[in-house]
Amino acid sequence: MVPLSWYLIFSAALFSIGLFGVLARKNAVAILMGVELMLNSVNVNLVAFWRYRTPEGIAGQAFAVIVFAVAAAEVAVGLALIISIYRRRNTVVADEIDLLKF
Amino acid sequence: MSPIQVVFILTAMTTLGAALMVVTVQNLVHAALWLILSLFGIAVTFVILNAGFLAVAQVVIYIGAISILMIFAIMLTRRVAEDVNPQIGRRWWWAAAISVVMFVGLAWMLGNWSGFRSPLPAASSGMDPLVQLGEALVSVNAYVLPFEVASVLLLAALIGALMIAWERRPG
């Protein structure tokens, strides 16, 4: 039997790795990959809490399904923005997209 | 150590290793392939957690759709995403420090929580979780409103993505 703590530590580690990717990567597509890892670690947490704390309900899985939908929307809009920026400015490096920077 | 624990540890190690490769590897196409391995490990975790529908959805949505979109985006922007340039910013140690602090903080906070070592409860003998999930998502007393809002959000996001990425040719 796997204790709940293993899942929580696992998803905390995955979230931290994703956070590192978001903060350290320069390419905007790679930043989106880091966001995907973070969203997935949240899903692991939701399902683990559902299985260990409230297996008689279904709230954890229902929320995970909604996170799936939101992640798909986020990726679609994010990649469209990246491709649009690439067409106009010929770059996908986040440091160079600084028109709004004060 | 029971077999399920061995399976979990192997899955977790694979997933975390692949995730580390995703955030550090130089070639972005390779990073996307490592991302697929990592997402597959999470699907296996869902199977261990007795959430079969989510495991299938993970494979279909994340591996089947999102990863392919990522690979398309990498290939479309390939010319500037050259593999020779460093892909990690100069101040990467700040990012590493923040991530480590985040992990230690989360682990400390969870370790202080009384339910941290909850044992695995017996699977509810009543309904099949899949049937339960399907009914909950369309039941007026449960999650039909969040479900519909999520679907409208997805539609709006896809139309918005189409508009943003549309190439307007003059004339």
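Visitor: Into which domains is chain B divided?
Guide: This is a predicted model, where local features need pLDDT of at least 70, side-chain atom pairs count only at pLDDT 80 or more, and totals for chains, interfaces and linings use all residues. Residues are numbered from 1 along each chain as its sequence is written, while chains are lettered from A and ligands numbered from 1 in the order in which they are written. With bounds taken from an automatic or database domain assignment, chain B is divided into domain 1 (1-86) and domain 2 (128-171).

Visitor: How far apart do the C-alpha centres of those two domains of chain B lie?
Guide: For scale, the C-alpha trace of chain B spans about 65 × 45 × 30 Å along its principal axes. Between the C-alpha centres of domain 1 and domain 2 of chain B there are 23 Å.

Visitor: How many helices does chain B have?
Guide: Helices (H or I, at least four residues) and strands (E, at least two) are DSSP runs, numbered from the N terminus. Chain B runs α-α-α-α-α-α from that end. With 0 strands, its secondary structure comes to 6 helices.

Visitor: Which helix gives the most to the side of chain B that touches chain A?
Guide: Here 75 residues of chain B are in contact (C-beta atoms, placed from the backbone, within 7 Å) with 65 residues of chain A. Helices of chain B that each supply at least two residues to that side include α1 (3-24), α4 (92-111) and α6 (144-165). The most, 11 residues, comes from α6(B).

Visitor: What does A165(B) count as, buried, exposed or partly exposed?
Guide: A165(B) is found in helix α6 of chain B, and its contacts beyond four places in sequence are A80(A), I83(A) and S84(A). Buried takes 20 or more other C-beta atoms within 10 Å of a residue's own, exposed 12 or fewer, and partly exposed is in between. Because A165(B) has 18 C-beta neighbours inside 10 Å, it counts as partly exposed.

Visitor: Which residues of chain A does L35(B) touch?
Guide: Leave out residues up to four places away in sequence. Within chain B, L35(B) touches V22(B), S67(B) and M70(B), and in chain A it touches M33(A) and E36(A).

Notes: Two residues are in contact if their C-beta atoms, placed from the backbone, lie within 7 Å.
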